Amino acid sequence: MTADAPPRPPAVAAGPLPPVNRRPLRRRRLVRAARQAAAILVTLFMGVPVYLITLSAFSTRAELNRFPKALWPRGVSAGTMRAFLGSTGVVPSFVNSIEVGLTTLLVSLLIGAPAGYAIARYAFRGHDAYQVFLLVTRSLPVVVLSIPLATMFLRLGIYDSVVAVALVHAALALPTTVLITASVFISVPAELEEAALIFGGTRFAAFRKVVLPLSIPGVAASSIFTFVLSWNEVLAAAILTLNNRTLPAQVLTSLPYSPIEYRFAGGFAMVVPSLLFILIMRRYLTNMWGATIR
Amino acid sequence: MAARSPRLRQAAAPYALLLPSALFLLALLGWPVISAIGQAFTGAHGGTENWRQMVAEPQFWTSVRNTSLLVVVLIPLQFSLAVAMALLLRERLRARGFYFYVWTVPLAVSDLAAGLVWLSIFTGNGYLNSALGWFGVHPVDWLSYQNTSTMFLAVLVAELWRATSLVMIILVAGMQMIPRDYDEAAQVFGASFWQRLRHVTLPLMRPSIQVALILRTILAFQAFAAAQALTGTQFPLLIGQTYLWFVGLNDPHVASAVALVVLGVSMVTAIGYLFMLRQPRGAGGGAR
Amino acid sequence: MTDPDGQPTTRISRRALVRAGAALGAAPLLAACGQNTTGAKAGSNTLSLLSTQHTPTKEADAFRQILKAADPSLTVNFNPGDTATTISQVKAQVQARSVRVNAFLGIHSDLSTLGPDNLADVSGLVSEIGSAGISAGNVTLSKIGTDKNYYVPLEQATYLLAVNKKALGWLPAGADVNSLTYDQLLAWAKAGKAANGGKAVFGLPAGPKGLLHRFTQGYLYPSFTGGLVTTFRSPDAVTAWQYFKELWSVTLPASTNVDFMQEPLASGQVLIGWDHVARLVDAPRDKPDDWLMVPAPQGPKARGYLAILNGIGIVKGSPDQDRTRQLIKALVKPEVQLDILRKLAFFPTVRAAVPADLPPAIKLESQAVTRTQTGGLLSLPSVGMGASDSKFTKVFQNCFTAIVLGNAGIQQTLDAQAKTMQQLITDANARCWVPDPQSSGPCQVG
């Protein structure tokens, strides 16, 4: 990061016409260039690994085994990718995963966002206790919960279903949803809401017309989390399903045991849908850029 | 609309809003959590034996050390980077939209794929050594168990890459709410960049920073796939010990004991953050 | 109702909100479309087979073909997964008394972890098939320490050395690559490393999913000490560990990242590697003429080798057990067993004449396996350890980490680990198993 130059006091010069001081301008330009350079550096750091996954996913096995490796496409082949996408269960589990992801999103937002609003707006007994309770559920490694969870769903008769996986994913995502939406609700000026109340609106109307639109970035951020979490979650999905698997349960569990070219193809195929989801949600995340909210 | 008893309604409102989520979590995770806790204190040889075995595992203390080291070094680095990224995005740079998209991309990548790609970069005949080869540098064994420091560095870089976007988008979402005029006003009064950052921007971002810090730390205690892909068994982490006992050694009792340690450490850190960055209760961004 | 501001930003937001809402609204609609079966259509005629074996995508599909061909009248949903999730699933189903999985395919230790609590007694089935020639040793193994059989032996495997022919130039004088001694292997790896500019040419699968512990358990110990448990901390064992340290000094250091030897072998990172046959078979697959598969070396006491057994068990309380039995009987037919060998590199458990037309890579392995078995000292992975099986194995992993990687004192480490081992064996009340001499009580660590 580079620092902006503090505006200097105007140079006091002798003579009728003070010469133009170009230094602040030059500095300003330098700072701009430095910022652009920093942004490009960060972009390279974040982007290159993704480029490499893509490159490897479409490389032949021989190419992946070669050294030194080429950083540009060489020995391109979609063969592994085709074989991967054609293997048993990939298509139905893909659809299951989308269903699970969107259901998870809906459930966690429907019950999480109101809680986030309560935490941000109200002072009440149990405020901190509730937050701690949320964090406890998120801090315990899921693996030790797996057998009781599976037993529970078996007894309820919803084992091996999209709903079961979505419920567990929603529970895993709920703490992030609540806390992230709260962090945004808290920044929505309370006066705006009060103004709406004064003008005769109900609390709900004030929420719907004022707070909700302003909290879209928070909702977008938390839904990115939720969807990606659900999309990549393996353990609960693998234990709770048998014949109706999600994509990670169907594919990710076997990838570590698969040849290297399959691992890349699978890794890449799994990334694409989340990328699309982020691409859509990104617009809502920066919805307010440049808008001045008073 | 006039409510019959506005004050009562007011008092009940937060609970009504919280109730669905609390009930949902209790119904779904209540019993599994209780039974997991129960398991940590029971077993063929009694409860204390679980804890003795947990500590006696040769890599337990190494994993505690590695986990603390990683969290202590990683989180500050990650936050500096994420704040810097969020601030860069606020400037009206050319190609801002493109930058932002690329910076969020690692979020989409699963642990497994992240481990895979960083392994292909750092491994003996990987991309890094290939690139260094062009400059005549001999291949370096970055991940060899004998080079502990480069091994740690590799894990650090991979984790920095994998999870910084997570922090960044929470900050960006929060930053949307900061009125630009505050910053501009401070600028008019001659505040330097660092002064504005310290006294204007960061304080206004406190709610987002708090949440990002808590979530990131809790998740940091849970992630080990990338570290495992890069270092094999040579950089054990505490959460890996849970899996080792549950998956590798088929002992849910000791696994639950380790899980409780993870829970304890996460909670102590999270509650610490909650109090350190305490928000004036009930006050929204503009209320006073 | 008053809209307090008519700012443009708000209007944009509202439109965005509607769009996001529409996207979300699609979710329940999609979910309403119902489940999407990822295997064969589940129905009353479908059997569900959970497996810790044949997990790689390609291998799984090959096994599905084998299942289909074995008995076309059955529809089998083959679900491979990792050990932990599959075992957890079975346990949860049995606990909830709502068993959906019909059969479980795994290695001996997976099946002994499940044990009599989760598996049905298949003694009748085993004796019925017995006439097909399941070896007495395997029949005993499938009793997992009890007096009834809890699984049917299905596939066998062992460990070999894969050798890239490029490495033959460094073979010590007078050594026969098909009957190496451990000293010759060490000299070979040393010469190779020296000639290769200091970069090791020998590798071992010491990664987190690697099977290095089997090298200690089934190869070093029997070859150097003639036993396993009863010779665990003997002077011969100390010699074995000293040898291991020397061998490790000429082993690829990145081996601690290797789960499957076939990968560094295929990429040319190493030229000689030891691993499970199924984890080597991809190395020679593309260019079989460049490769040799040879038996593991001979030690001072014997040519120790480990037999790995995969079996299939019926889950306790599962529906449709007759049909599951029908499936198992189909899988042990000689032609199906040979199909498994051909496609998956696992060897038959029943008598089956190995045909001449095997794929080249499999043929290489098959010959090496035959060589290994003639005159070799057979070891079995732990027998009768039940759910502690993996903890028993962990003892050897701990020794490796401490002695070879951590340079800890050999005798002290062995003495300390011997206590843990004895405790495990006593708790499981396990008798000694090959290569150790039979015992009447729990096996005594010596």
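Student: What is the bridge partner of L49(C) in β2(C)?

Tutor: In this predicted model, F78(C) of β2(C) is the bridge partner of L49(C).

Student: And what makes β1(C) and β2(C) a pair?

Tutor: Pairing requires at least two bridges between the strands. β1(C) and β2(C) have 6 bridges, in the parallel sense, so they pair by that criterion.

Student: What about β1(C) and β3(C)?

Tutor: There are 3 bridges between β1(C) and β3, residues 103-107 of chain C, again in the parallel sense. The cut-off is at least two, so this is a pair too. On β3(C), L105(C) is the bridge partner of S51(C).

Student: How do you know that β1(C) is mostly covered?

Tutor: Of the 6 residues in this strand, 46-51, 5 are buried. Buried here means 20 or more other C-beta atoms within 10 Å of the residue's own.

Student: Which way does the chain get from β1(C) to β2(C), and what is the hand of the crossover?

Tutor: The chain passes through α2(C), and the β-α-β crossover is right-handed. That term applies because the path runs clockwise when the strands point away from the viewer.

Student: How do you know that the span of α2(C) is close to the expected one?

Tutor: Helix α2(C), residues 57-70, has 14 residues and reaches 20 Å from first C-alpha to last, and 20 Å is also the span expected at 1.5 Å a residue.

Student: Which residues of α2(C) are buried, and what do they pack against?

Tutor: Among them are T57(C), A60(C), F63(C), R64(C) and L67(C). The buried residues of α2(C) pack against β2, α11 and α12 of chain C, and against α3 and α13 of chain A.

Student: Let's move to chain B. How do α3(B) and α12(B) pack?

Tutor: Their axes are 8 Å apart, at an angle of about 145°. F60(B), S63(B), V64(B) and T67(B) of α3(B) make the contact with L238(B), G240(B) and Q241(B) of α12(B).

Student: What makes 4 of the residues in that contact polar?

Tutor: The contact has 3 nonpolar, 4 polar and no charged residues.

Definitions and conventions: Residues are numbered from 1 along each chain as its sequence is written. Chains are lettered from A and ligands numbered from 1 in the order in which they are written. This is a predicted model: local features need pLDDT of at least 70, side-chain atom pairs count only at pLDDT 80 or more; totals for chains, interfaces and linings use all residues. Helices (H or I, at least four residues) and strands (E, at least two) are DSSP runs, numbered from the N terminus. The expected span of a helix is 1.5 Å times one less than its number of residues. A residue is buried if 20 or more other C-beta atoms lie within 10 Å of its own, exposed if 12 or fewer, and partly exposed in between; C-beta atoms are placed from the backbone. Two residues are in contact if their C-beta atoms, placed from the backbone, lie within 7 Å. Axes are lines fitted to C-alpha atoms, for helices over the stretch in contact, and angles run from 0 to 180 degrees between N-to-C directions. Ala, Val, Leu, Ile, Met, Phe, Trp, Tyr, Cys and Pro count as nonpolar, Asp, Glu, Lys and Arg as charged, and the others, Gly among them, as polar.
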